[in-house]
Amino acid sequence: MRKQSQPLLTAEKVSKLTEDFKKYRSYIACPTKKCAATNMDTNGYTTHQLPKQPRFKCRTCNKGNVNTRTMQQMIQTLVSARHGQEKTMADIVLQN
Ligand SMILES: [Zn+2]
């Protein structure tokens, strides 16, 4: 796990995250827990940050805004789960 003291992803990491998001988006659940959708989409970029940090949100409820780092963690959780480790999406949301 990366430390919180590194808030921005490098351009390379952003590029990787964007690829991973496309790959895993059909598994990424809305973080609000109020809608059960797996309909996350990109939502532009944060301003005043370079490299540009993509944002994400749920297209179904129009909420569930997720920043770059949180999305990275959510995807890491998915990838870990696929490798048999026990960690749920709820754990990630609670950490934030
Ligand atoms: Zn939603």
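The model is predicted; local features require pLDDT of at least 70 and side-chain atom pairs pLDDT 80 or more, while totals for chains, interfaces and linings use all residues. Residues are numbered from 1 along each chain as its sequence is written.

The protein chain contains 3 helices and 2 strands. Helices (H or I, at least four residues) and strands (E, at least two) are DSSP runs, numbered from the N terminus. Their order along the sequence is α-β-β-α-α. Of the 96 residues in the protein chain, 17% are buried. A buried residue has 20 or more other C-beta atoms within 10 Å of its own, with C-beta atoms placed from the backbone.

Helix α2 spans residues 68-82. Its 15 residues reach 21 Å from first C-alpha to last, close to the 21 Å expected at 1.5 Å a residue; the expected span is 1.5 Å times one less than the number of residues. Thr68, Met71, Gln73, Met74 and Ile75 are the buried residues of α2.

Helix α1 (residues 11-24) packs against α2 at about 55°, with the axes 10 Å apart. Axes are lines fitted to C-alpha atoms over the stretch in contact, and angles run from 0 to 180 degrees between N-to-C directions. From α1, Val14, Leu17, Asp20, Phe21 and Tyr24 meet Thr68, Met71, Gln72, Ile75 and Leu78 of α2. Contact requires C-beta atoms, placed from the backbone, within 7 Å.

Definitions and conventions
A residue is buried if 20 or more other C-beta atoms lie within 10 Å of its own, exposed if 12 or fewer, and partly exposed in between; C-beta atoms are placed from the backbone. Two residues are in contact if their C-beta atoms, placed from the backbone, lie within 7 Å.
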